[in-house]
Amino acid sequence: MAGKIDKLSGPCVITGASSGIGLELTKLAARDGCDLILAADRDLGAAEATARQCGAAGVETVEADLATPKGLQALVTAIGDRTPEVLLANAGHGLGEAFLDQEWKDIAHVIHTNVTGTTWLLHHIGRKMRAKNAGRILVTGSIAGHIPGAFQLVYNSTKSYVDYFCFGLRNELKDTDVVVSCLMPGPTDTDFFDRAGMENTDVGKSDSKDDPAMVAEAGYKALLEGDAHTVSGFMNKIQDMFAGVIPDTVLAQMHRRMAEPDDR
């Protein structure tokens with residue numbers, strides 16, 4: 001497997017690039033002079049302008065819902081015959097409230113965004129990278145994937161899939177020069193909680209969320225160094241460590257205290 005490099009280069013695909021961690025990853029790749037293909041399910045005008053200001057070699061945008069075959073095909077069409085040298089698979093979203101109170105269409109959209117779309121994209125671009133025997137992939141997972149997610153159940157479960165999928169894929173590619181790294185942040189100061197309907201929860205209202213720029217920097221550094229994963233933030237590292245020893249029933253109750261809406 002390829003080792004440490006000083007900077008990224010070449011065609012770079014970034015999903016979920018319009019805001020939050022994805023926008024910060026866009027800035028970092030642009031400063032390295034990458035040729036960017038940015039994808040998100042909403043307007044990418046600000047992200048494109050920011051990328052150009054930060055020195056990107058070129059910027060293309062794809063506004064598409066990557067939970068759908070149509071959206072994935074739009075991104076693949078934009079990539080064309082090129083083999084991306086970098087994939088920063090950051091697209092994902094959450095969903096608050098109790099599982100049985102959620103609408104199935106909303107549940108399905110989280111699953112298809114976080115699991116189906118991400119897996120499909122890794123398969124499509126990963127094959128190209130393996131054939132070329134070169135490439136770097138950073139997937140945004142979450143420390144939530146190691147915690148039973150009462151009142152955020154679907155999100156945590158999908159991130160468990162993403163986290164462990166990355167470790168398995170990295171192992172399958174260990175005899176190649178394709179690097180797979182997993183970024184596992186904790187609660188981060190983005191619009192995630194607003195979009196997930198979790199602004200009336202303890203975690204949603206907390207002032208101690210991590211800075212998305214710091215989170216992105218940690219993931220970007222891990223990718224450059226060829227690390228398997230990184231947990232961003234000291235307290236998140238502690239939480240992730242204890243998640244492996246605290247009983248799941250206790251973890252579920254702890255998560256409930258953070259994620260249960262105030263008005264229940």
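Modeller: Ala46 lies in helix H2; helices (H or I, at least four residues) and strands (E, at least two) are DSSP runs, numbered from the N terminus. Ala46 has a relative accessibility of 57% and counts as exposed. Ser19 is 27 residues from Ala46 in sequence, and the two C-alpha atoms are 8.9 Å apart in space.

This is a predicted model, in which local features need pLDDT of at least 70 and side-chain atom pairs count only at pLDDT 80 or more, while totals for chains, interfaces and linings use all residues. Residues are numbered from 1 along each chain as its sequence is written, and side-chain values use heavy atoms, with hydrogens and water left out.

Now to the interior. In soluble globular proteins, nonpolar side chains tend to be buried together. A nonpolar core here means a set of buried Ala, Val, Leu, Ile, Met, Phe, Trp, Tyr and Cys residues joined through side-chain atoms within 4.5 Å. The largest such core has 30 residues, and the members that touch the most others are Cys12, Ile14, Leu36, Leu38 and Leu88. Two or more residues come from each of strands S1 (11–15), S2 (35–40), S4 (86–89) and S6 (178–184), and from each of helices H1 (20–31), H2 (45–53) and H8 (212–225). H1 gives the largest share, six residues.

Leu38 shows what such a position looks like. Contact means heavy atoms within 4.5 Å. Neighbours within four places in sequence left aside, Leu38 is in contact with Ile14, Ala17, Thr26, Leu44, Ala47, Glu48, Val59, Glu60, Thr61 and Val62. There is also a second, separate core of 28 residues, with Ala64, Leu75, Ala89 and Ile125 among them.

Next come the strands. Two strands pair if DSSP finds at least two bridges between them. S4 and S5 run parallel and are joined by four bridges; Val86, for example, has Arg136 in S5 as its bridge partner. S5 and S6 also run parallel, with six bridges between them, and Thr140 stands opposite Leu183 in S6.

Strand S5 (residues 135–140) is largely enclosed by the rest of the structure, because six of its six residues are buried. Gly135, Ile137 and Val139 point one way from S5, Arg136, Leu138 and Thr140 point the other way, and all are buried. S6 is largely enclosed too, because seven of its seven residues are buried. On one side of S6 are Val178, Val180, Cys182 and Met184, on the other Val179, Ser181 and Leu183, and both faces are covered.

The cysteines come next. A disulfide is a covalent bond between the sulfur atoms of two cysteines; here it is counted when a pair of cysteine sulfur atoms lies within 2.5 Å. The structure holds zero disulfides. Cys12 is in none, and the nearest cysteine sulfur, in Cys34, is 4.9 Å away. Cys12 is buried, at 0% relative accessible area. Cys182 is buried as well, at 1%. The closest cysteine sulfur to that of Cys182 is in Cys166, 4.1 Å away, which is too far for a bond.

Last, the aromatic rings. Rings of Phe, Tyr and Trp (its six-membered ring) pair if their centres lie within 6.5 Å; planes under 30 degrees apart count as stacked, over 60 as edge-to-face and the rest as tilted. The structure holds four aromatic pairs. In one of them, Phe192 and Phe193 have ring centres 5.0 Å apart and planes at 80 degrees, so this pair is edge-to-face. Phe192 is buried at 17% relative accessibility, and Phe193 is buried at 7%.

Conventions: Buried < 20%, exposed > 50% of the residue type's maximum accessible area, 1.4 Å probe, protein only.
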